[in-house]
Amino acid sequence: MTDVHPREVLIASIARLLDGVRHVAVGASSPIPAAGAMLLRALKKRAGAPPVRISILGSVEHNFFTNGSAELFDCAGQGRVDAFFLGGGQIDGQANINLVGIGDYPASAPRWPGSFGSAYLYFVVPRVILFREEHSPRVFVEKVDFISAPGTSEAGVHRTGGPVALLTGKALFSFDKSRPGFTLESLHPGHDLNEVREATGFAFRHADQPGQTELPDPATLVLLRGQIMDELSETYPEFANQMRREVCA
Amino acid sequence: MDLRGMASRVEAGMQLALPVDYAGVSMAMTRALIDHGAGDLDLFCVPTGGLQVDQLVGAGLVRSVETSAVSLGEAGGAPRFNQAVGEGRIALRDATCPAIHAGLMAAQKGNPFQPLRGIIGSDILRFRPDWRVIDNPFADGGDPIVLIPAVRPDIALFHAPMADRQGNVWIGRRRELAAMAYAAEQTLVTVERIVDENLLGSEMSAAGTLPALYVSEIAVAPRGAWPYGLWGEYPTDTAEILRYAKAARTAEGFAEYMAGLPGNRSRELAR
């Protein structure tokens, strides 16, 4: 068994963050969250636990919706989607996310694609996991230039969901909506606190000596490198091939 | 009906509803619309836009875009759209996916608006003076909720696998295509083929059929979604979209790409 690949650490972390969900939705271009969800599904099946349902948006095989692209949102609004992933070109210390662009809206430069369903799903999906592999000061800023979706809402605003965690290529944070703010939970192998502090444009709480992110055990790695990569390659062939090459190298 | 005749239905200043890239985009009509040249178009993306939006913007036909996002998917950002946004050449009405669906849903039901959760506290709402926030009249006070006004596009345009000789169109489970047609004044559909069987003739096919009642014109355009794929028919030509993304980084590259497109790609057959 070779060393654990950094992305395997992320996939295993996502599976842990999703523990307990019945239905998780994953974006069409999110192979790492999809792999984490598939890993959880396989682990639950092996343990004889209730099944985990995964909807991969835009996929034909892994999408059971029959009412067009509105159904995901209807489903989420009813509380039938337990977890979802959001990213952003910018994420700030209050967990506000920006998927629209930098600078003076509407003349954003660069302009990013847009907010998609974030301004709704962030409010109604109980367990939103913020996932952004690039951990740099240009992504993690003090204040976003445009709020596609706010991290928290004033009292009285209907909100059954929101961010619970932020997973990056360097570390795992939890989010406390009462402050609001992030707390560093663990550092991935090869990264230290000073590096993460320098790469993060907002302040966050942390222990004096943060622990290391839990690594997948050997049995989980076997599952991940076999069955999960096979399942993943149906929807994300490029990503699965790249992972296989890098893990074997 | 041929593509040119269909394009002539589009007049300057109209609002066009266009579907998301995987639902059935009538790329065959993009070229016909550019040749036709009706400008000042308001595009309404259901709920996001891609290649078609980028090409119409690049051709200078677009006045505004209402959308939840515009991108070329794996091929990255939409180059002509992004440049036009940066230069302030098109008006933007940023939305979020369920708000797009809500606007169509209101029109479908003949209602003036549809309420929608979420959105409060976002800059999307701050830049949408046409959206309102009211207190839920059924609550004991408070409980703010956003109202999305009905959207009645002049034209809905999409591509589907088949239509029958009665003008019924098979849309399978892509129900957003029906939502567009219900809301729009006119619905223009390109299809891969015309079939002899009546699509309303069996319960199995009727369930996935948009009745002719909502369909204004049909034109045959084989591989009419290319380079996008069409569900159940053919996959997306990712290499071609990447080729476009690279070419369209500049206005000159865009013009060259568009001039080089096979003009006779779609065999146009009478309805």
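Predicted model: local features only at pLDDT ≥ 70, side-chain atom pairs only at ≥ 80, totals over all residues.
Close-up 1. Helix α1(A) is mostly covered, since nine of its 12 residues are buried, among them A:Val9, A:Leu10, A:Ile11 and A:Leu17.

**Close-up 2. The contact between chain A and chain B.** Chain A gives 36 residues to this contact, and chain B gives 38 residues. On the side of chain A that touches chain B, the elements that give two or more residues are α3 (71–77) and α4 (118–124) of chain A, and the largest share, five residues, comes from α4(A). The residues on this side of chain A divide into 20 nonpolar, 15 polar and one charged.

**Close-up 3. An open sheet of three strands in chain B.** The strands of this sheet follow the order β5-β7-β6 and pair in the antiparallel sense; β5 (113–116) and β6 (132–135) of chain B are the edge strands, each pairing on one side only. From one strand to the next, the twist averages 40°.

**Close-up 4. Strand β5(B), its partner β7(B) and helix α5 of chain B.** Four bridges join β5(B) to β7 (residues 144–149) of chain B in an antiparallel pairing, and within it B:Phe113 stands opposite B:Pro149. Helix α5 (residues 97–109) of chain B lies across β5 and β7 of chain B, and runs at about 145° to β5(B).

Technical notes: Residues numbered from 1 in each chain as written. Chains lettered and ligands numbered in written order. Buried ≥ 20, exposed ≤ 12 C-beta atoms within 10 Å, placed from the backbone. Contact = placed C-beta atoms within 7 Å. Nonpolar A, V, L, I, M, F, W, Y, C, P; charged D, E, K, R; others polar. Pairing = 2+ DSSP bridges. Axes fitted to C-alpha atoms, helices over the stretch in contact; angles between N-to-C directions.
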